[in-house]
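Reader: I would like a close look at a single part of this protein. Please show me the model before we start.

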Amino acid sequence: MAVDSGMDLLSERAVLMRQSLQKSQTITDNVVSILGSFDSRLSALETAMRPTQIRTHAIRKAHENIDKTLKAAELILSQFDLLRQAETKVLKGPHEDLESYLDAIAQLRKIIRYFSSNKSFKSSDGVLNHANSLLAKAQSKLEDEFKQLLASYSKAVEPDRLFDGLPNSLRPSSDGDGKSSMPHGGHHNDDLETASYTLPILIPSKVLPLLHDLAQQMVQAGHQQQLLQIYRETRSVVLEESLKKLGVEKLSKEDVQRMQWEVLEAKIGNWIHFMRIAVKLLFAGERQVCDQIFRGFDSLSDQCFAEVTVSSVSMLLSFGDAIARSKRSPEKLFVLLDMYEIMREIHSEIETIFKGKACLEIRDSATGLTKRLAQTAQETFGDFEEAVEKDATKTAVLDGTVHPLTSYVINYVKFLFDYQSTLKQLFMEFGNGDDSNSQLASVTMRIMQALQNNLDGKSKQYKDPALTHLFLMNNIHYMVRSVRRSEAKDLLGDDWVQRHRRTVQQHANQYKRIAWTKILQSSSAQGLTSSGGGSVEGGNSSGVSRGLLKERFKMFNMQFDELHQRQSQWTVPDTELRESLRLAVAEVLLPAYRSFLKRFGPLVESGKNPQKYIKYTAEDLERLLGELFEGKSMSEPRR
């Protein structure tokens with residue numbers, strides 16, 4: 001019973017569950033049906049909305065296109081506005097506000113680029129034509145401004161301003177008339193290599209940036225040639241005018257050849273100073289200006305500088321070249337060496353200032369002149385040695401003193417030693433590789449030997465052989481003394497000095513022997529005979545012919561008078577040598593005369609008129625010997 005009731009209960013529950021599932025299925029079917037209905041309705045709604053969506057998208061696109069068009073129009077309008085602003089500034093010109101003017105040019109270039117890349121704009125061609133026309137006008141005004149600005153600040157430099165830039169040792173001194181004169185001579189000074197130079201202000205520093213900006217615009221516009229022409233024509237004239245104010249002249253080779261040596265020598269001295277001032281101050285200053293104006297355009301800067309300076313450089317170098325090519329003569333050697341020295345001194349400045357390919361010809365011209373001066377100087381040096389040996393001047397020195405040729409040559413050699421470093425440089429450049437010191441010593445010795453050879457020839461002009469030796473003694477002594485007192489001693493050496501001192505002594509001895517041998521024989525007992533015809537023996541004067549003694553005293557007096565008269569007219573210019581020679585004569589003459597007078601004087605004095613025969617005492621002779629070699633004229637009385 002219990003089991004059946006449980007089964008019934010289970011069946012009832014199963015029925016209930018089946019009924020519930022059936023209801024759930026019905027509900028599901030109903031929901032599916034409702035959802036299907038919604039889907040069809042939504043599809044219909046979407047179909048109905050599509051035209052509206054299309055219209056909305058079209059409207060949005062239209063708005064976007066309108067915005068783009070408006071923005072493009074605004075940009076075009078702004079370009080027109082900028083063009084009008086630039087045009088106003090261009091028409092106003094660059095003079096008052098250069099910076100704003102340059103901004104306008106830059107803006108014009110941007111406008112041209114804009115319309116060139118937007119050819120679709122209907123009026124772009126017209127706008128481009130107008131903008132390009134404005135730009136051309138602006139560039140033309142820039143050129144005018146550059147030319148006007150450069151010209152207004154380009155003035156010739158007054159000499160005093162240039163002198164202020166020189167080291168103190170090179171500044172000209174004022175004479176009594178208030179005029180300036182350049183320092184004398186042009187010989188090299190080692191201190192000049194480290195001397196300080198102050199460049200003149202050729203164009204004010206405040207103007208240079210403006211000129212640079214203008215030049216930059218002209219280069220960017222492709223107007224380099226116009227720029228070069230303006231700069232060259234303006235600055236080259238000013239530079240030449242500055243040199244003319246300084247005193248530089250444009251002289252041809254013919255002008256130089258016609259000048260008297262004194263005039264030419266002065267002009268050469270001035271030229272040396274002009275070269276230093278031109279290169280170290282004027283050209284250096286011009287280079288500085290050029291580099292600042294053309295900063296960033298090195299090749300253009302070099303070309304402008306070369307074209308500005310070429311005429312001025314040529315004017316200076318042509319004078320030096322005319323001297324180097326002129327007829328050689330000994331007196332030109334030292335000015336040639338001075339000119340060579342200044343060219344070497346400014347060589348490094350020329351290499352630095354005249355840099356670049358454009359200045360190559362100028363550098364080569366300067367180097368060529370330096371080499372020509374060196375070559376001419378060396379050839380002149382060689383000519384001098386030959387001229388000394390072959391000198392045939394008829395200038396006679398009747399008194400046997402130092403010949404003008406000797407003093408000229410010795411002074412010449414002394415001057416040479418002032419140029420030792422320059423001469424050594426010449427020997428190194430043109431020599432055979434030998435040591436420059438030995439070459440200078442060799443050349444100096446050859447000149448001295450050439451002088452001696454010439455003096456030997458001139459000494460043969462004297463009829464009196466005693467005067468021949470006096471002449472050679474004087475001249476060689478002058479050579480030795482001059483060498484001993486100069487730098488030549490170190491170069492020629494003690495051996496040369498001692499050898500030539502011995503030569504001086506030999507000529508002095510020869511003079512003494514030739515001039516005084518006869519009178520010494522007259523004051524000796526030799527040849528005096530007794531009344532019986534024999535010679536005087538021992539110290540006894542007995543048996544000596546009084547008549548013969550009188551003749552011997554008369555002979556001595558006559559010979560001494562003649563020697564005194566003649567040799568008082570002769571000259572020994574060196575005081576020490578003159579006294580030495582007088583003493584040498586006195587040392588042989590006075591003892592012999594004293595002995596003769598003591599031995600034979602009493603015999604003559606015991607006769608008639610002894611003063612007629614015994615004319616001089618030993619003291620008289622000593623006093624009269626002190627009058628020798630004074631170079632007296634015949635009319636001068638004895639002291």
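Reader: Which residue takes a positive phi just after H6?

Author: This is a predicted model. The residue is Gly247, with a phi of about 125 degrees. H6 covers residues 224-246. Its 23 residues should span 33 Å at 1.5 Å a residue, and its end C-alpha atoms are 32 Å apart, so the two values agree.

H16 runs over residues 465-484. Its 20 residues reach 28 Å from first C-alpha to last, close to the 28 Å expected. Of those 20 residues, 17 are buried, so H16 is largely enclosed by the rest of the structure. At its start, a side-chain oxygen of Asp464 comes to within 2.9 Å of the backbone nitrogen of Ala466. Further along H16 sits Ser482. Ser482 has a relative accessible area of 6%, and buried means under 20%, so Ser482 counts as buried. Ser482 touches Ile410 and Lys414, leaving out residues up to four places away in sequence.

Last, the core. The largest nonpolar core has 155 residues, and Phe146 and Trp516 have the most contacts inside it. Helix H8, residues 261-293, gives the largest share of this core, 16 residues. Beyond its neighbours within four places in sequence, Trp516 contacts residues including Tyr511, Phe560, Leu563 and Gln567.

Definitions and conventions: Residues are numbered from 1 along each chain as its sequence is written. This is a predicted model: local features need pLDDT of at least 70, side-chain atom pairs count only at pLDDT 80 or more; totals for chains, interfaces and linings use all residues. Side-chain values use heavy atoms; hydrogens and water are left out. Helices (H or I, at least four residues) and strands (E, at least two) are DSSP runs, numbered from the N terminus. The expected span of a helix is 1.5 Å times one less than its number of residues. Buried means under 20% relative accessible area, exposed over 50%, partly exposed in between (1.4 Å probe, protein chains only). A polar contact is a pair of N or O atoms within 3.5 Å; within protein, one must be able to donate a hydrogen and the other to accept it, and residues adjacent in sequence count only if both atoms are side-chain atoms. Contact means heavy atoms within 4.5 Å. A nonpolar core is a set of buried Ala, Val, Leu, Ile, Met, Phe, Trp, Tyr and Cys residues joined through side-chain atoms within 4.5 Å.
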